[in-house]
Amino acid sequence: MNHDSCFSNCDQTDHGPNPYVANILCAARTNENYRTAFWTGHHLQMTLMCIPVGDDIGLEMHPDTDQYIRVEAGKAIVKMGSNKCHLNTTYTLHVGDAVFVPCGTWHNIFNDGDCSLKLSSIYAPPHHPWGTVQPNKEDADS
C-alpha cells in the first residue's frame, strides 16, 4: 500500500490492534453512525461519532477512562462538572477544538449547529468492545 492510499482511506472498520494509518478527518466526516469503533488497541481506542442536529451524546462519566474528544465537523457545546447535577463548566466548540475529559468527570456534548456534529474520540483505556457500531443513540443506550 502506498502512502497516498493510506491517507485517503475512509474505511471505518475497527483496525486495531494492528498498526494503521488513517485520515481521521475523512473517516469522521463520512461516519453516519452514532458511534463507530475505528481503532481499538490494548490501552487506547478511537471512536467516531455522528450527532444529529439538536441532539447530544448523553450525560456520562467514565470512572476509570480518560477521554479526548475533537470536533471534526459542526459546532458543539460541552458541559462538564464533578457532579451530574452541577455541570459548572461550559464551552462552545468549533472544528478543530478538542476537550480533555479526565476520568470521573461528568460531561455532555450538544450539537449546537445546523448540520450533523462529527466527532472523533479517544479513550484510554478502551471503553467499548472491539468492532462496536451503534447506528443511533438508542442502540448505544440499550
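This predicted model holds zero disulfides, a disulfide being a pair of cysteine sulfur atoms within 2.5 Å. Being a predicted model, it is read with care: local features need pLDDT of at least 70, side-chain atom pairs count only at pLDDT 80 or more, and totals for chains, interfaces and linings use all residues. Residues are numbered from 1 along each chain as its sequence is written, and side-chain values use heavy atoms, with hydrogens and water left out.

**Cysteines**

- A disulfide is a covalent bond between the sulfur atoms of two cysteines.
- Cys50 is buried, with a relative accessible area of 7%, while Cys115 is partly exposed at 37%. Here buried means under 20% relative accessible area, exposed means over 50%, and partly exposed is in between (1.4 Å probe, protein chains only).

**Confidence**

- The protein chain has a mean pLDDT of 91, and 92% of its residues reach 70 or more; pLDDT is the predictor's confidence in each residue, from 0 to 100.
- Residues 1-8 are a stretch to treat with caution, as their pLDDT is below 50. Beyond near neighbours in sequence, this stretch has eight contacts in the model, where contact means heavy atoms within 4.5 Å.
- Where pLDDT is low, the predicted coordinates should not be read in detail.

- Helices (H or I, at least four residues) and strands (E, at least two) are DSSP runs, numbered from the N terminus.
- Ser120 counts as buried at 2% relative accessibility, and Ser121 is buried with a relative accessible area of 0%.
- Which side chain does the side chain of Ser120 meet in a polar contact? The partner is the side chain of Glu72, at 2.7 Å. A polar contact is a pair of N or O atoms within 3.5 Å; within protein, one must be able to donate a hydrogen and the other to accept it, and residues adjacent in sequence count only if both atoms are side-chain atoms.
- The side chain of Ser121 makes a polar contact with the side chain of Gln67, at 2.8 Å.
- Leaving aside neighbours within four places in sequence, the contacts of Ser120 include Ile24, Leu48 and Arg70, and those of Ser121 include Gln45, Met46 and Tyr68.

- Pro126 lies in the loop between β8 and β9 (133-134) and counts as partly exposed at 24% relative accessibility.
- Although Pro126 and Thr40 are 86 residues apart along the chain, their C-alpha atoms are separated by 6.7 Å.
- Not counting residues up to four places away in sequence, Pro126 touches Thr40, Gly41, His42, His43, Leu44 and Gln45.

**Aromatic rings**

- The model has two aromatic pairs; rings of Phe, Tyr and Trp (its six-membered ring) pair if their centres lie within 6.5 Å, with planes under 30 degrees apart counted as stacked, over 60 as edge-to-face and the rest as tilted.
- One of these is the edge-to-face pair of Tyr20 and Phe38, 6.0 Å centre to centre with 70 degrees between the planes.
- Tyr20 is in the loop between α1 (3-8) and α2 (24-30) and Phe38 is in strand β1 (residues 35-40), so the pair ties together parts that are 18 residues apart in sequence.
- Tyr20 is partly exposed at 28% relative accessibility, whereas Phe38 is buried at 2%.
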